Amino acid sequence: MMAVPRCRKLLAVVAAAAWMAGAQAGEIEVRDAWARATMPGQKVAGVYMTITSAATAARLVGVDSPASQAAEIHEMRHENGVMKMRRREVLELPAGEAVKLAPGGLHIMLMDVKQPLAAGGEVALTLTIEQEGKRRTVAVKAPVKAVGATGDHAHH
Ligand SMILES: [Cu+2]
């Protein structure tokens with residue numbers, strides 16, 4: 001008889017946790033998106049943002065933009081004192097963790113931009129997110145800003 005109330009209480013806690021997870025599952029928050037304005041003749045542009053998958057781990061598996069022929073996930077790394085850029089097929093988004101794409105680190109790179117990106121403009125992006133075996137897209141608008149280069153794209 002003593003065990004019954006305790007058991008009920010536990011069930012209530014489990015139910016509440018499941019409800020909270022259900023309410024937040026699949027929520028992808030994108031903040032502070034921006035694209036770097038291109039220099040004359042420059043055909044690539046970096047796009048930066050902070051992505052958080054609120055409750056369930058997810059992965060960014062693709063990026064598209066009408067502004068460029070292709071968009072890739074890139075990562076800058078120091079290797080023997082030299083900054084190197086490499087392409088990543090996938091970007092892991094651990095549950096509840098804000099993953100920051102910023103100059104000098106992770107970024108989305110627009111390859112072969114169709115028109116120069118001018119400050120004050122906007123770039124539309126579609127992120128393809130894989131979560132719990134399912135894929136869906138998240139639309140993002142990134143304002144274009146003229147911010148001094150930090151060498152991000154010097155390698156291209
Ligand atoms: Cu890059």
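Biologist: Is E97 buried, partly exposed or exposed?

Modeller: This is a predicted model, and E97 sits in the loop between β6 (91–93) and β7 (98–101). Its relative accessible area is 43%. Buried needs under 20% and exposed needs over 50%, so E97 counts as partly exposed.

Biologist: Which residues does E97 touch, not counting those up to four places away in sequence?

Modeller: A55 is 42 residues from E97 along the chain, and the C-alpha atoms of the two are separated by 9.1 Å. With residues up to four places away in sequence set aside, E97 touches I51, T52 and S53.

Biologist: Which atoms are the protein donors of the copper ion?

Modeller: The donor residues follow the spacing H-x10-M-x21-H in sequence. The donors lie 2.1 to 2.2 Å from the copper ion. They are H74 (ND1), M85 (SD) and H107 (NE2).

Biologist: How many residues apart are H74 and H107, and which strands hold them?

Modeller: Both histidines are donors of the copper ion. The pair links distant parts of the chain, with H74 in strand β4 (residues 68–79) and H107 in strand β8 (residues 106–113).

Biologist: Why does H74 count as buried?

Modeller: The cut-off for buried is a relative accessible area under 20%. H107 is buried, at 0%. H74 also falls under the cut-off and counts as buried because its relative accessibility is 3%.

Biologist: Is the aromatic pair of W34 and Y48 stacked, edge-to-face or tilted?

Modeller: The count comes to one aromatic pair. The ring centres of W34 and Y48 are 4.7 Å apart, and their planes stand at 40°. Stacked requires under 30 degrees and edge-to-face over 60, so this pair is tilted.

Biologist: Where in the chain do W34 and Y48 lie, and are they buried or exposed?

Modeller: The two residues are 14 apart, and their pairing links distant parts of the chain. W34 belongs to strand β1 (residues 28–36), and Y48 to strand β2 (residues 44–53). Both W34 and Y48 are buried.

Biologist: What share of the residues of the chain counts as buried?

Modeller: The chain exposes about 9300 Å², of which carbon and sulfur atoms supply 56%. Of its contacts with a separation of 6 or more, 70% come from residues 24 or more positions apart. Among the 156 residues of the chain, the buried share is 38%.

Technical notes:
Residues numbered from 1 in each chain as written. Predicted model: local features only at pLDDT ≥ 70, side-chain atom pairs only at ≥ 80, totals over all residues. Heavy atoms only, no water. Buried < 20%, exposed > 50% of the residue type's maximum accessible area, 1.4 Å probe, protein only. Contact = heavy atoms within 4.5 Å. Areas by Shrake-Rupley, 256 points an atom, 1.4 Å probe, with all protein chains shown as cover. Donors = N, O, S within 2.8 Å, 3.2 Å for Na, K, Ca; no water. Helix = DSSP H or I, 4+ residues; strand = E, 2+ residues; numbered from the N terminus. Phe/Tyr/Trp six-rings, centres within 6.5 Å; stacked < 30°, edge-to-face > 60°.
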